[in-house]
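Have the viewer open as you read.

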Amino acid sequence: MEECKVKNLYNLEETIAKDLLETVTYPWEALPKIVDFIIELGKSLDKEKYEEVEENIWIAKTAKVAPTAYIAAPCIICENAEIRHCAFIRGKAIVGEGAVVGNSTELKNVILFNKVQVPHYNYVGDSILGYKAHMGAGSITSNVKSDKKLVVVKNGKEQIETGIKKFGAMLGDEVEIGCGTVLNPGSVVGKNSNIYPLSSVRGVVPEKSIYKNKNEIIEKR
């Protein structure tokens, strides 16, 4: 599944997690490594730009963090990011430069590339969102199957056994997710694709596509 590889989903120059993602072929292979990566990277961050506000929580001095936001370790919030009222960051999170984590949005075990927007009532867990990816209000990643089995990434007749139980979504660069959408476990959306509001997405959506429903995925022109 070439379209699911890191090199075909992301511009790694747009994330502080570049060194981590360069060590894997498929992005979900990085999910179990996020914790250790954050802790090691945090130690090397420029103290002129970042402050370790609590153990293993580094926040850029130019970031805007609402006093009502909750941030657990380990976590890195990069320069000019905005963490809004009542955001709930449960740890294991990298929030990229200029990214927005909005009102009542919840993050857990994620990498948000630069300029990602999850601004309104989103749940993003065990997921990686590429440069300028945007999740509309109320859209979420569902990160555990109802039968609790290990997640399999499926693309037609092709499939990859991931070997992991918790896997939300891999969104490529500049993906737009419509309001109220559910990204089911193991979803991979190729870069520059759009998902219609109120969709239920499973499997792989090709890059430069418009997803209307599972039977109607058209190529952008």
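Relative accessible area will come up a lot, so here is the scale: under 20% is buried, over 50% is exposed, and partly exposed lies in between, using a 1.4 Å probe and protein chains only. Keep in mind that this is a predicted model, where local features need pLDDT of at least 70, side-chain atom pairs count only at pLDDT 80 or more, and totals for chains, interfaces and linings use all residues. Residues are numbered from 1 along each chain as its sequence is written, and side-chain values use heavy atoms, with hydrogens and water left out.

Now the overall picture. The protein chain has three helices and 25 strands, where helices (H or I, at least four residues) and strands (E, at least two) are DSSP runs numbered from the N terminus. Its radius of gyration, taken over C-alpha atoms, is 16 Å, close to the 17 Å from the globule rule for 221 residues, so the chain is as compact as a globular protein of that length. That rule is 2.2 Å times the number of residues to the power 0.38. Along the principal axes, the C-alpha atoms fill a box of roughly 50 × 35 × 30 Å.

How much of the chain is buried? Buried residues make up 52% of the 221. The accessible surface comes to about 10400 Å², and carbon and sulfur atoms own 46% of that; the areas come from the Shrake-Rupley method with a 1.4 Å probe, and for residues only the protein chains shown count as cover. If you call heavy atoms within 4.5 Å a contact, then among contacts with a separation of 6 or more, 31% are between residues 24 or more positions apart.

Charges next. There are 29 positive and 29 negative side chains, and the centres of the two sets lie 7 Å apart. Here Lys and Arg count as positive and Asp and Glu as negative, without His or the chain ends, and each charge is placed at NZ of Lys, CZ of Arg, CG of Asp or CD of Glu.

I94 is found in strand β8 (residues 93-95) and is buried, with a relative accessible area of 0%. Leaving out residues up to four places away in sequence, I94 touches I16, A17, F37, I38, I76, V110, I111 and L112. One of these, F37, is 57 residues away along the chain, yet the two C-alpha atoms are separated by 9.9 Å.

C4 sits in the segment before α1 (6-9), and C4 too is buried at 0%.

Finally, the backbone. Most residues other than glycine have a negative phi, and most peptide bonds are trans. Against that background, the bond from A73 to P74 is cis, with omega near -10°, and P74 lies in the loop between β4 (70-71) and β5 (75-77). S104, not a glycine, has a positive phi of about 65°; S104 is in the loop between β9 (100-103) and β10 (106-112). E174, also not a glycine, has a positive phi of about 60° and belongs to the loop between β17 (169-171) and β18 (176-177).
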